[in-house]
There are 2 protein chains.
Amino acid sequence: MFSFKITHTSKKSGARTGILKTPHGTIRTPAFIPVATLGVVKGAVDTADLLKANVQCQITNTFHFFDLNAVDVVKRAGGLHKFFHFEKPIFTDSGGFQVFSLGKGGAHGFGKLHSFIPGNKAEIKPHKASLVNITKDGAIFKSPRDGRTLMLTPEKSARIQKKLGADFIYMLDICGTVIDSKREVARDLTQTEEWFKRFLKVPIPPSQRVFSIIQGGLYTDLRVQSTKAVNELPTFGIAIGGAIGKTKNEMYKILGTIEKHIDPSRPHHLLGIGDMESIPNFLVHGVDLFDCAMPTRIARHGVALTSKGRIDVHKIRFKNIFRPIEKKCLCSTCDIYTLSELHFLAKAKETLIGRLLTIHNLSFLESYLTTIREKIELNKF
Amino acid sequence: MFSFKITHTSKKSGARTGILKTPHGTIRTPAFIPVATLGVVKGAVDTADLLKANVQCQITNTFHFFDLNAVDVVKRAGGLHKFFHFEKPIFTDSGGFQVFSLGKGGAHGFGKLHSFIPGNKAEIKPHKASLVNITKDGAIFKSPRDGRTLMLTPEKSARIQKKLGADFIYMLDICGTVIDSKREVARDLTQTEEWFKRFLKVPIPPSQRVFSIIQGGLYTDLRVQSTKAVNELPTFGIAIGGAIGKTKNEMYKILGTIEKHIDPSRPHHLLGIGDMESIPNFLVHGVDLFDCAMPTRIARHGVALTSKGRIDVHKIRFKNIFRPIEKKCLCSTCDIYTLSELHFLAKAKETLIGRLLTIHNLSFLESYLTTIREKIELNKF
C-alpha cells in the first residue's frame, strides 16, 4: 500500500524527484503539504477548492483535536479523510510542535522561523509564562482554549493519531529553540529518543506509516547523532524538526550536514518551513516534503504569491488593474478575478479575499513545484 | 427588456405569483433577494456557491461603494454584474437605509426590525451621536469608516446607481423609526416626495428600472397618502420602506392598508424584512420581493434554518449526529456535511462554517419559496 521511490536525482544540484504511494493516492515529490490545522485549510476553502488548486495532500495538527475533545468523534466518523471529505494523503503531526509553541518557544516570544525570516513576527504569539511542563513521562499542558490540564505522552500521541487515521503519523518529540544551550538540546534529544522507543511500542495498523524526527538544534554534532539514531528506527519516513538556524545560511549548512548522514532511501520531510525564497535551497539537500502555514496565512491577510515575489492586494496601485494576479496562472481565482476586484474585496474586509488568495497561493506553489520537478528530471535544477 | 406579469393570485389568501423579466434573466416571485452588502454575499461565498444555492438575484448597498470611493472603478469594470461576476438581476438600494442607520435609528440604538423580532438586538449598533444631518438638499454623513464628510443627494444617489449599473435602482428616501412622532413622519414624507421628483429628473438608461418607496411610518393615513403619491410616479416597481410596526401584528395591519391602495400591477418590494416566521404573513398582502440580511448573518454565527425552525450547530447535542442539517435539502452543504462536522467547525471557529451555512440557508429559503409559489398556483396557500 505504501512505497517511496526516488525517480531522479539532478546531476546539477543533487535535488531529487520521487513517487510516494499511499492508500489515498500518490504524491509526486518534492511536494508542499498545505497546513489544515483543524482538518480544513483555513480561509473558508473546502475540498473542492483544494482539488481545483491541485493540492496533493495536507497536514493536520493532532494537538487541537485532543484539546477540543474531538478525537473520538473523528474516529466514529471513519477518520480524518471521511470526516473532512479529503480522500488524498493526510499527515498528522505529533503534538510536539505545540509543546514547543506553548512552552519555551512561546514563552520567549519567538518561533522556529523568526530567526531567519526578516519581519516575520507573527509566527507564534508570546505567552506570559510557559504553559508546558515536560517530564520524563510526557508533556503536561494547560489548554490554551480553556485552561484545563492535559497530558500528552508518546503512547497517547500514537493512540490519538491512530484514531485520527492519517496516512502518515509523527513520533512525539521535544522541539527546541534557537537559544537553547547545547546541554539543553542534548538532554532533550536523549528524552526524545526515549519517547521514540515508547511510541514504537504502540502497534500501528497497516493503513498508516510513521515518520521519525531528527532533532539536535543548531549543534552539528547533535544533529549527526540524531540522524544516525533515527536511521536505525524502523520508520517509513524521516522528518527534520526543531530550530535549524539563526540565519538562512546556518539552516542550509545544517541541512547539508544532515544530508550526508540521513538514510537516502526514505522520504525526508522538513517540518514547518516553506517560504518561497528558501525552497530551492533546501531541495538541493534532499528534502522531499515540506509544510508551512505561511502561504495560506499571508493569503488571509491579502498577500498573494507571484513569480515576481509577494504582493499585498490592499495597495492602492492595484485599484484599477483589470488583469489577474498572474496572467499564466490557471487557478480559479486568476481565471475569474482581477487585481482591481481583489483590491476592492481586501479594502472592504470581505472574508472572500482570504479564500480567493488561499486558492491562488496553493495553486501557485503547486505549479512552481511542478516546474521544479520537471527541471530536476532534466538535470536543469 | 423589463416586464412584470402576475401569473396567479391565490383564491385562498390573495398571495400572488409572478414573472419579473430583466436583461439579466427572470425572477419568479414571490422571491427572496439575498443581501450582498459590498457586491458579494458575506461569508466567503462566491458566485458558484450562490448558483448552487439557486439564488435568483441579489441586492447591494450603494452607500458603501460611495464611502469606499469605489463607484468609478465598478463603472470602469463594466458595472456590478461584471465586477462581481454575477450575471443575474441585481438591485441597489439608494443609500437611504444608511441615512437611517447612521442617523436617528442608530443614535437611538435600534433598527427597523427591533420592534418586532424578539431578541434581535444586533441589527444596528448604536452610535453615541447621530452621524447624519438631513437638509433640504440631501443627507450629510460622517463616514463611519474614516470620519470624512460626505453628502448624498437624490441626484447623487441616482448618478451613483447609474454607474453601478444594477437592473433595479431605488429612489433616495428618508427612512423613519418606530418612535417618530406623526409630525416628524409627515415632514420627512414631504421631503422624501420632493427628493423623488429630483431623483426622477436624472435620466436613467434603458437597462435600468426604478423602484419608488412608500414611507409614512406607523401612521395609517400617512401610509395611504404615500402609497397614493407613489402610484402616480412613473416607476417600474414600488417598495415599502421604513418602520412599519412595533409588533408583527401592527406590521401586518399596515401592510393590509397599503395593499388596498397600492397599484397591483407593479412588483411590490418589502425592504429589509425576511424572517422565516413573517414571510407567509406578508405574502398574503401582495408582497412580491423581500430582502433581509438575517439568513446570511445568522449563518456566519453558526445558525441554520430548518423545517423545524432555527438550530445553532454549536450546541453539544450535534456532536455525534452523522446526518445533514435537513435530509431532504439538496444544497451542497447538506449533500456532503454532517451536523457532527458542522458542530466541530463551529467549535473550532473555522470560517468555513459561515460559508457552509450561508449556502444552506440561502438554498433552504429558495426551496421554501418554490414550495410557496407552487401552493399559490394551486390556491393552497
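Two exercises follow on a predicted model.

**Exercise 1. The domain contact in chain A**

Task: State how chain A is divided into domains, and describe the side of domain 1 of chain A that touches domain 2 of chain A.

Solution: 
- Start with the bounds. The domain assignment of chain A puts domain 1 at 32–292 and domain 2 at 311–381.
- Next, take the separation. The C-alpha centres of domain 1 and domain 2 of chain A are 28 Å apart.
- Count the residues in contact. Domain 1 of chain A gives 13 residues, and domain 2 of chain A gives 13 residues.
- Find the elements on the domain 1 side. Two or more residues each come from β4 (31–34) and α1 (47–52) of chain A. The largest share, 3 residues, belongs to α1(A).
- Sort that side by class. It holds 9 nonpolar, 2 polar and 2 charged residues.

**Exercise 2. A helix pair in chain B**

Task: Describe the packing of helices α7 and α8 of chain B, then list the residues that meet.

Solution: 
- Two packed helices are described by the distance between their axes and the angle between them.
- Apply them. The axes of α7 (residues 154–164) and α8 (residues 182–200) of chain B come within 8 Å and cross at roughly 45 degrees.
- Classify the angle. Angles under 35 degrees count as roughly parallel, and 65 to 115 as roughly perpendicular. α7(B) and α8(B) are therefore oblique to each other.
- The α7(B)–α8(B) crossing is right-handed.
- List the residues. From α7(B) come B:Pro154, B:Glu155, B:Ser157 and B:Ala158; they meet B:Trp195, B:Arg198 and B:Phe199 of α8(B).
- Sort them by class. The contact of α7(B) with α8(B) has 4 nonpolar, 1 polar and 2 charged residues.

Notes
Residues numbered from 1 in each chain as written. Chains lettered and ligands numbered in written order. Predicted model: local features only at pLDDT ≥ 70, side-chain atom pairs only at ≥ 80, totals over all residues. Domains from an automatic or database assignment. Contact = placed C-beta atoms within 7 Å. Helix = DSSP H or I, 4+ residues; strand = E, 2+ residues; numbered from the N terminus. Nonpolar A, V, L, I, M, F, W, Y, C, P; charged D, E, K, R; others polar. Axes fitted to C-alpha atoms, helices over the stretch in contact; angles between N-to-C directions. Parallel < 35°, antiparallel > 145°, perpendicular 65-115°, else oblique. Left-handed = near helix turned anticlockwise from the far one by under 90°.
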